[in-house]
Amino acid sequence: MTNSPVLDSGRMAEFREALLSASFTADGLLDLLGPTAYAALARSEAVPALRATRGGSPLETLVRLFLLQRAVPRAAAAAALPTDGLLDGLLADGWLAADGDGLRATVDVRPYADEVAGLPSADAWVVSDLGCAVGGAGGIGSGRTAAGVERRDLVLGVGGASTTLANLTVRRPVREVLDLGSGSGVQALHAARHAQRVTATDLNPRALHFTRLTAALSGFDQVETAEGSLYEPVGDRRFDLIVSNPPFVISPAGRFTYRDGGMAGDELCRSVVRGAAAHLEPGGYCQLLANWQHVKGEDWHDRLAGWVAGTGLDAWVVQREVQDVAQYAELWLRDGGDHRGEEYADRYEEWLDAFEAAGVEGIGFGWITLRASGAAEPVVRIEEWPHPVEQPLGPHIEEWFARQDFLRAHDDAGLLAARYLLADEVVQEQIGDPGSEDPEHVVLRHNRGMRRATKVDTVGAGFVGVCDGTLAAGEIVDAIAQLLGEDRELLRERVPESLRLLTEQGFVEPVR
């Protein structure tokens, strides 16, 4: 692979041990830099980290070399990479290059806390192109980048979208995972912790090479790669989990492989959704981040429902934010560094012209989770939720789908015959005028997962208050009817509707 390091598995093992020995890990980095400089580094601001790495220790040298992209004295690099032959090997393999009397890194090697729900945190490293740390205000490629590499082919490192998707993903031991559009391999890295085999695909062969570098340096050998667009490289193979942080940006020209899908409008994200059913094992999940168009005269809920219709998959779509077309264009023009060039106004006009021609008034961003439940009547929930949520959310997403199975299998009589537990960290708020004897209404607030809140009446509040798994729901309803002097049968007819809502949203959990 031109202009990128050679992958030597033996050398990677030695390199990994040297990084661990120097505490070049996520925890070690935080301990060295402190919270202020660490947070600034996440924003691609280097000055605080430079001030914190003046001592010349092996860890400080590695931070300057691989994160801050500064040249370091050869003697300092040798002290930080002390294994016999390691320094010369990294030079020969293209990880390092001479810079005057010193050495510099040719790639960004970033410590990464590889966290998977249910497993201990593990040390890992993500390899990406220089100047492509995500999160800075300067735009991709604003600093030194790989010599001779077209900007469209640059490979990004860890960004907010990467960690968002990693936190959303359902984690369970599985046989096969597909990382569709792998980039530098962040999702493949997580998947390798709980999968027997991970297949990473990308249209950019350079990205696949960086995925292999990331996996090898982090000590995983079950990651394989395949070049091509969307599902084409995997043929008719099926997977227990498909994850994708695709190039979802809706742009008038496919200038950057890492972000621009090269299809009209939001067609790329739609294609990922439409193609998932043919590649999921029974019970398998597909999870992706996506952008979608808000088109004049069309409800965005209907648009997303159309993506899922006919797939036979359960779906939960959550819109997290909406930007108007001007905000959206400005965001991605800055990302590409166009705000620094003379063509900025012309490119801005190009984006606005394209949106106007398509009748696009805004762009939504959110999460899509699909599941091959095999149900005759799939559940499709499409909602807007811009509020804070608990992370990682993956376990709560898995529980939501499990509750859909329960609700689908129980009619009203079945719901009343089941027993329920009040979920952890649900609190009750009574709202009314100060000093009044009775509240105007009662709100249940869940402090876990999606952190939802819902109004309930006196019956609902009384019901959840005694859900300890001992009595069937119908028995609780009968007791409330007697206490309030209400008709028992009428109350039994009324309660199942609210019980379905409380169950779906996780305020109560069925005892299975």
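These legends describe a predicted model, first as a whole chain and then in close-up. Local features need pLDDT of at least 70, side-chain atom pairs count only at pLDDT 80 or more, and totals for chains, interfaces and linings use all residues. Residues are numbered from 1 along each chain as its sequence is written, and side-chain values use heavy atoms, with hydrogens and water left out.

**Figure 1. The whole protein chain.** The secondary structure comprises 18 helices and 19 strands. Helices (H or I, at least four residues) and strands (E, at least two) are DSSP runs, numbered from the N terminus. Along the principal axes, the C-alpha atoms fill a box of roughly 90 × 55 × 55 Å.

Figure 2. Of the 512 residues, 51% are buried. Buried means under 20% relative accessible area, exposed over 50%, and partly exposed in between (1.4 Å probe, protein chains only). The accessible surface comes to about 22,400 Å², computed by the Shrake-Rupley method with a 1.4 Å probe. Carbon and sulfur atoms hold 48% of that surface. Among contacts (heavy atoms within 4.5 Å) between residues at least 6 apart in sequence, 70% join residues at least 24 apart. The chain has 47 positive and 76 negative charges, and their mean positions are 4 Å apart. Lys and Arg count as positive, Asp and Glu as negative; His and the chain ends are not counted. Charges are placed at NZ of Lys, CZ of Arg, CG of Asp or CD of Glu.

**Figure 3. A cis peptide bond at Pro392.** The bond from Gln391 to Pro392 is cis, with omega near 0 degrees. Most peptide bonds are trans. Pro392 sits in the loop between β13 (380–384) and α14 (394–409).

Figure 4. Most residues other than glycine have a negative phi. Ser23 has phi near 60 degrees. Its loop runs between α1 (9–21) and α2 (26–42). Ser23 counts as partly exposed because its relative accessibility is 35%. Leu230 has phi near 50 degrees. Its loop joins β8 (223–227) and β9 (239–244). Leu230 counts as buried because its relative accessibility is 18%.
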